[in-house]
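Please look over the sequence and the model first.

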Amino acid sequence: MAEKKLDFQLDFHSGLPIYTQISNQIQGRVASGNLKPGDQLPTVRALALDLRVNFNTVARAYHLL
């Protein structure tokens, strides 16, 4: 099961917290079938570096999921 590249669209000026935006986008990809059971998400650290956000932000998004 290879790790998929997730291209997130984050709006840092939105009133919606970044962790919620990340969580919502992952849920949307699952609902649309772009992410399937068994697909591996990036590690917290890798996604945080890719999105240029704090490690804890991604950890909180993953915790919500």
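**The chain as a whole**

The structure is a predicted model. Its secondary structure amounts to 3 helices and 0 strands, and read from the N terminus the order of elements is α-α-α. The radius of gyration is 11 Å, close to the 11 Å given by the globule rule for 65 residues, so the chain is as compact as a globular protein of that length. The C-alpha trace extends over about 30 × 25 × 20 Å along its principal axes.

Of the 65 residues, 34% count as buried. Among contacts with a separation of 6 or more, 53% are made by residues 24 or more positions apart.

**Helix H3**

Helix H3 covers residues 55-64, and in this helix Val58, Ala61 and Tyr62 are buried. Viewed down the axis of H3, these buried residues fall within an arc of 95 degrees, so they line one face of the helix. The face turned away from the buried side carries Asn56 and His63, which are exposed. The cover over the buried residues of H3 includes helix H1 (18-32) and helix H2 (44-51).

At the start of H3, a side-chain oxygen of Asn54 comes to within 2.7 Å of the backbone nitrogen of Asn56.

**Residues of helix H1**

Which residues does Tyr19 contact, leaving aside its neighbours within four places in sequence? They are Thr57, Arg60, Ala61 and Leu64. Tyr19 is a residue of helix H1, and Ala61 is one of the buried residues of H3. Tyr19 also has a counterpart in Tyr62: the two are 43 residues apart in sequence, with their C-alpha atoms 8.3 Å apart in space.

Ser23 likewise belongs to helix H1. With a relative accessibility of 3%, Ser23 counts as buried, since the cut-off for buried is under 20%. Not counting residues up to four places away in sequence, Ser23 touches Ala61, Leu64 and Leu65. Ser23 and Val58 lie 35 residues apart along the chain, and 8.6 Å separates their C-alpha atoms.

Gln21 is another residue found in helix H1. Is Gln21 buried or exposed? Gln21 is buried, at a relative accessible area of 7%. A polar atom of the Gln21 side chain lies 2.8 Å from the backbone oxygen of Leu16. Leu16 is also among the residues that Gln21 touches, together with Gln9, Leu10, Asp11 and Ser14, when residues up to four places away in sequence are not counted.

**Rings and charges**

The structure holds 0 aromatic pairs. Two arginines, however, lie over aromatic rings, as the table shows.

| Arginine | Ring | Distance to ring centre |
|---|---|---|
| Arg45 | Phe55 | 4.7 Å |
| Arg60 | Tyr19 | 4.0 Å |

In the Arg45 case, the charged end of the side chain sits over the ring of Phe55. Arg60 lies over the face of Tyr19, and Arg60 is also listed among the contacts of Tyr19.

**Summary**

The chain has 3 helices. H3 has one face lined by its buried residues, with H1 and H2 among what covers those residues.

Notes
Residues are numbered from 1 along each chain as its sequence is written. This is a predicted model: local features need pLDDT of at least 70, side-chain atom pairs count only at pLDDT 80 or more; totals for chains, interfaces and linings use all residues. Side-chain values use heavy atoms; hydrogens and water are left out. Buried means under 20% relative accessible area, exposed over 50%, partly exposed in between (1.4 Å probe, protein chains only). Helices (H or I, at least four residues) and strands (E, at least two) are DSSP runs, numbered from the N terminus. The arc is that of the directions from the helix axis to the C-beta atoms. Contact means heavy atoms within 4.5 Å. A polar contact is a pair of N or O atoms within 3.5 Å; within protein, one must be able to donate a hydrogen and the other to accept it, and residues adjacent in sequence count only if both atoms are side-chain atoms. Rings of Phe, Tyr and Trp (its six-membered ring) pair if their centres lie within 6.5 Å; planes under 30 degrees apart count as stacked, over 60 as edge-to-face and the rest as tilted. A charge sits over a ring if NZ of Lys or CZ of Arg is within 6 Å of the ring centre and within 35 degrees of the ring normal. The radius of gyration is taken over C-alpha atoms; the globule rule is 2.2 Å times the number of residues to the power 0.38.
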